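Q: Please take a close look with me at one part of this model. I would like to know how that part is built and what it meets elsewhere in the chain.

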Amino acid sequence: MLSRQLSRRGVLLPLLLCASASRALSVSDISSSSSIKPFSIDTLTTPAVIIDKDTIEANVKRMLARSSSYNCILRPHVKTHKTIPGALLQTSNRRSTITVSTLREAEFFLEAGFTDILYAVPIDPSKIIRAAKMARHVHVTVDNIQQVAALINHGAPAPGERWSVVVMVDSGYGRDGVVPSDVEALELARAIDAAECMELFMLYTHAGHSYDVPYGDVEAIVKISEQERDAVVEFKKILKENNVDVENVKTGVGSTPTCSHPPQHLSGVDEMHPGNYFTYDYNQHLIGSCDVEDIACKVLTRVVGHYPKTNKLQIDCGWTGTSAQGKEHNYGCIEGHSELIIENLKQEAGTVTTGDGSAIDFERFPVGTILKILPWHSCASIHQHRKLHVVDGNDMVVDSWDCADGW
Ligand SMILES: Cc1ncc(COP(=O)(O)O)c(C=O)c1O
C-alpha cells in the first residue's frame, strides 16, 4: 500500500521539490515563534544547545537545491536534530519522506502526521511488534535473512497490509548492508520478493567511510559518492537480471560528506538521505563538507572557575552536555577563541587551556562568561539535550524546539 502511494509521489515529488528548492521555507514559516517573546541567550541555563536560524535555513536550502539538480528526492535523515520544525524545514513543509534511526523517532514523527518514514537501521525481532503498529507509514530495513524470517514469522503487520522493506547495501563502509555481488544479497532480495507479507521498497546505502578520508581530500569523497551510486544501481541491475521484480524498487544514497561532494551524475538513483548537513559541525568542516560559518549548532557553556597555577579555566559543560566524541580533536573548537582548547570533559565539567601553552588572559573570561563550543559531532551533542534553542543574528532566542527522546 505504502509503495503504491509512493510510486505516484515518485512522479510528483521531483516537480514539487524543484519548486520548493527555489522557495525553501524559513524558520518563521514553520515555527511557533509567534508565541515566544525573544530573549537573550544570557538567560539560558548552561549547557544548552543553540542553532542559528539563518545558517540552518541556508544549509537546508542548499541541500534541497542540490538534490533537485540531481533529479533526486531529498529524504533527509532527521536524527541530527530530532525535531518537527527541523524536519519541516528540511522537507520544505512536506510531512513525509524522511529517514530516522530509532523507533522512537518514527513514532514521534508519525504522531506529528509524517508519513513515508524510512527506519534505516536493520530491524531485530524484538522491535517487530512495535514496528508493525506503524507499518502503513514506516519502511523497515533488513540486511540479513534472519530479519526477513522474523518478519515472515510475524506475518502481515495488519490484515491487508504488507511490510515495506528496504535492503541496506554496503557500498564500502563495512558496518552493515549486503554486498551486491554476494549470493546472500540475491537470496535476501528473492526471499522478500517471494514473501506474501512484504514488498521490496528500496535499495539503500550510506557511505559512512566518507568520514574516514584524510581531511580536505575532496577527490576521495567524490570517489566514495560514486561507490554509493554504483552499489545501489549495480545491485538493482543484478536483481533484474535474476528475475527479481524491481520495476518499482527505488534506490537511495547519502551521507553529508558524499552529498556535499556528489559525483558528476546520479543517474539510476532516486533519493538522497543526508542528515548532518542541517547543522554541520567541526568535523564536517575539517572533512571539507562546509565552511566554518555553516556550522549552525553551538553548545553554550559558562566559565565557572579560574586556575592560574595550572593555566586552566573550568567550564560547566562535560560530556553530558556535548558528548565525549572527538576527544582527540579537543571536542571541536571554541568560537572566537582559537587560542583556547577544551582539554578534557568529565561528566558535568570540563577544563579549558591554551593550545600552545601560553598563559590564559583570565581577565578576558570572568566567571560566568559564556563560551560557544562548535561541537565535534552535532548529532551526538544535540542528542544530549531535550530542546534546541533557535537564535537570530543578535543571539536572541526566537524559538525552542522539542527533540524526540529515547529509543
Ligand atoms: C543509515 C544512515 N543513513 C543516513 C545517515 C546520514 O548521514 P550523515 O549524518 O552523514 O548526513 C546516517 C548517519 O549516520 C546513517 O547511519
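A: In an unreviewed UniProt entry, the annotation "domain: D-serine dehydratase-like" covers residues 296–392; positions follow the numbering used here, the feature name is shortened, and such annotations may be inferred rather than shown by experiment. This is a predicted model, where local features need pLDDT of at least 70, side-chain atom pairs count only at pLDDT 80 or more, and totals for chains, interfaces and linings use all residues. Residues are numbered from 1 along each chain as its sequence is written.

Over residues 296–392, the chain is 41% strand and 10% helix (DSSP runs: E of at least two residues for strands, H or I of at least four for helices, numbered from the N terminus). The end C-alpha atoms of this stretch are 11 Å apart.

Now for its surroundings. The domain assignment, automatic or from a database, gives domain 1 (2–29 + 54–280) and domain 2 (292–402). Taken over C-alpha atoms, their centres are separated by 33 Å. Contact (C-beta atoms, placed from the backbone, within 7 Å) links 14 residues of domain 1 with 13 residues of domain 2. On the domain 1 side that touches domain 2, α3 (53–69) and α4 (84–91) each supply at least two residues. The most comes from α3, with four residues. That side of domain 1 divides into eight polar, four nonpolar and two charged residues (Ala, Val, Leu, Ile, Met, Phe, Trp, Tyr, Cys and Pro count as nonpolar, Asp, Glu, Lys and Arg as charged, and the others, Gly among them, as polar).

Note on methods
Two residues are in contact if their C-beta atoms, placed from the backbone, lie within 7 Å.
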